[in-house]
Amino acid sequence: MTNVEAWDCLRNYRPLLLACEAIGWLHMAGKARIDFLQMHGGQHSDYKYEKWGERESPPFPWNDRLKWVPDEFPLDKNAWPGTLTAFIAEHAKSSSKSGLVSLLQAGHAMASGIEKNLPKDASKYLGQDVTHMWMSSAFGTPIRNLLTNPPEVLTEAGWKRLLGQIATLLRELEALGGHTANDLDGWWNWREGAVGPDGWLRRTFTETLAETRLPNNDVTLFDQSYVAAALFKSAVAGAVLEGSKFPWSGNELKQGTRWRLLTVGGGADHYEARAVKIGDWTGARLALDEFFTKVRKLVEVELAVGSLLYRDGGVCVFSFPGERLNHTGGDLHIADWQSWLTEEIDGYARETNLETPPYCHISAPSRSLVGMTAEIQKARETMAVPLYRDWKIPGQGSSDGPACPVCLVRRSPSGTDRQRPCAPCRRRRTHRLDAWLKGEQGKLDSDSIWLSEVADTNDRVALVTMSLDIEPWLDGTRLDALRAQSVAEWSTYNSTTKKPLPPTHTEWVSLVKTALGKDNSAHKARSLIQKKIAPGLRDENGNDIPWDKFYELIVEDRSNAPKWDTLNDDGCAAWLAHQLFCKLASPGRIHRFWRQTEEFFRELLGEFHELAATDRNRWRMRRLLLKPDQPSSTWKNRVPYNGRCDGNPIDLLFDEERKGFVTLFNMSRFLAPEQDKSAIQNKEIVLKDDDNKNAGTLKVQSVENVSGALGVYHPVIPLELSPMRFRVLLPLEAASACVDRAAEAWRAQFARVWDRLPLRVGVVAFSRMMPFQAVIEAARNIESDLEGTNEPETWRVAGCETREGVAALRLESLDHPQELLQTVPITLSDGRDDVFYPYLAVEDKHPRFPRDFRHPNGQVFRHASDLQSGDGISVYPSRIAVLFMDDATKRFQSPLCRPLMEWLRMRELWQLVDRYAPSQTALRGAWSEVVERREAWQGADGTWLDGGEAAWLYLARAVFHERLGVRGACLEELVEAAGDGLLDWSLEWHISVLKKQVSGGKR
């Protein structure tokens, strides 16, 4: 099939493919009813979620709403089930006679996770009851007790509302599938309205669970349904492309289905690095968003060949059809698809005036998504070179005018003005301005777009950058420490006198190795494993599955483990034993990982809004309209101007429609809280334009409040919000509180996985007039330093105390002499021990405690409550680096990367100093004396002379006592902080950078 024929084929089958996707979204809708949770909690034992439509009175008209699909697309005689209800009634069964239902089963099985396929009686102890039906985060933190505090969907009114929305969705689907099948905008709006970022189905299904057993209460109904629908949609698209060669029947239809990943990149780092002004980057971000939206429309609606599985600031990953296992069926001509899609996506990039070529790649076929991280990394590595392949853009070869200072490719039409950007770059600068002037606060969420509004009372700004090391979670690497259940607990609940089960991981590996043999003991061991942990060892017909096939399903499909043929029996047994008790990287869980990481940053942004807006001055977040006494022909509409008034910098924007100038600066620097806006009347302001040229004088005749959404703002500018990175511009005076809140939220939400999901924070403080390129370069350097080699550190356990469901670990880092305290929750919300999440990698070569387990690569993991003094643990540390740029050359400096917990201690230290220091003068005097003596008693290389350090600390104790009047524990805290450098950091940050004043004595 040629590319044109393939495109025409998919276009003609678009209604079928999108109808199949909708079936995938809704095939588990019965789990959104409260009866589903109550049944698993011990009530409503007769409820079957697969028959939710039949329970309604009258029954939900599922067949009637979808009857048009098989009528319009008959496909093969074995494709469609007898009734369309079979999609929801049979999706959880082991097999189906219908080809389309088998494809849905394939997507459902891969999205759900094999570790859910447990013997019913053997896994009862993992269930929750009606008093404790908790939903947890993807990282084990309890979120909500769904039955004692139900969300709207789990109420009767919420369920009825959901049914009405489903009925509307299917009616709109039928309408679009008729005479308006080519209405791409209609299809797009229909799909986005349901599962887009603000889609009603996304919101509703995210509120409840797809699985109630522990610890699989970490994946929402939306994650399971959406990913299953994406895989189902792509599988059906592959069947359509194969045409008559596709095998619509047979036992291997479900197991043989595979998928590919389509990865598209936009080279975001290039546009960020080239941005001269903040508007260049925010405008480029909007252009990239427009480009990715076009790509999504092509893949998800126009071709309807796949669905978005991952998105960050520069990369999108979609599901895509893959050849079946053993290549039964037709050829999908992937090379031709790669070429054709590259050409189409190149066209979108040129339409969007991107200076760099986009990236497009289709992966090898697989039954899992564990290869997604490698695809993302490959895309980033390729795009690190902006022009990694030939790329021509309009205007590149022109010799008229100087090169654009932003893109450095196109020519500026300004003649000799080398600071004027080319037309596309200039449009990027003004595009966000246009949206701002229209008051599109739904898109901007009342954020400012002006640095002069963000600047604090000292005219300083902070760029805060944060990241969570999420990539190793997307490929399953960091899941190795998480348990689907504990061997010891499993043995306790399932052993009998006649059939005891191995109580430790080591004995469990031995049992699996025995089962790999061929004698009678092997048969008994295999039978025991089938009944107690792995019913998947038998196929749909009850026949034994060969071990190599089972290994492929349980190990190779969910990890980057070695292939079966490359291992001996010991290796195969170790991997099988590990995977059967490990939480697996199912596509639904992977989707939840990246989605929740993004939500973490989005929630922080909301809190930063409030923290940045905290100000006693009522003018801090207000905008005024300054009306001139007479108009001037030199003032251009929608153009910013700047000037000075009473010694303060003022930024204004002339708005012809409002017949005046809108204020664009932090007015709390100009007006006191008790002042009225009339204080600005009759002021004269000499204006200059963006190029620093005189633009006349504004004499303010009257002052009004700006009406509508532009009247107020939050002094926050988000630069990037994605699973990989969060960057935001804040007032410098609010940056510390925002970092405090981020650290607090991280400790609360990721306490069970703190050692392998680090939060990395960088803060670049700068004057508002600092060149934006220098600030961004400094931020990128800090991010690189924080990431480092991305290798774990070995920390030593100095003590472990468990109390009231929490393990308190006292830890010593080799790089930081100060002892660190880390608390880890070790019980679940219902009081049971958490035997699933709080495991840490230790130095031991062999397990020593019942809950210890050994990874096939040799790493031993230990439960937090079993740690003892002297244990060495492997930690991916959370770090922070802070840089104050008082000039642009500071961007080349590498500030010290410190443990994030030291930031919190540094902040507490300032509170102590602020409370006890009698005055700013006393504090400065005491510290300057201590610093002077330190410099005198240290050598040129910073090393202490003999006995110098002890003497200096003794001096510091005396100076602090005499000059600051501190004593007791407070005095010892200051002396200790002086010795380890933390006091230096605290005073420099709060006094020199933030310009804080102490309160003047004990309060």
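Modeller: Helices (H or I, at least four residues) and strands (E, at least two) are DSSP runs, numbered from the N terminus. This is a predicted model, in which local features need pLDDT of at least 70, side-chain atom pairs count only at pLDDT 80 or more, and totals for chains, interfaces and linings use all residues. Residues are numbered from 1 along each chain as its sequence is written, and side-chain values use heavy atoms, with hydrogens and water left out.

Most peptide bonds are trans, and most residues other than glycine have a negative phi. Begin with Pro58, in the loop that runs between α4 (52-55) and α5 (62-66). Ser57 and Pro58 are joined by a cis peptide bond, with omega about 0°. Another cis bond leads from Leu214 to Pro215, where omega is near -10°. Pro215 sits in the loop between α11 (200-206) and α12 (221-242).

Now the phi angles. Leu75 is not a glycine, yet its phi is positive, about 55°. The loop between α6 (68-72) and α7 holds Leu75. Leu75 has a relative accessible area of 28%, so it is partly exposed; buried means under 20%, exposed over 50%, and partly exposed in between (1.4 Å probe, protein chains only). Asp459, also not a glycine, has a positive phi of about 60°. Asp459 belongs to the loop between α20 (451-454) and β7 (460-468). With a relative accessible area of 12%, Asp459 is buried. As background, 58% of the 1003 residues of the protein chain count as buried, and the chain has 34 helices and 25 strands.
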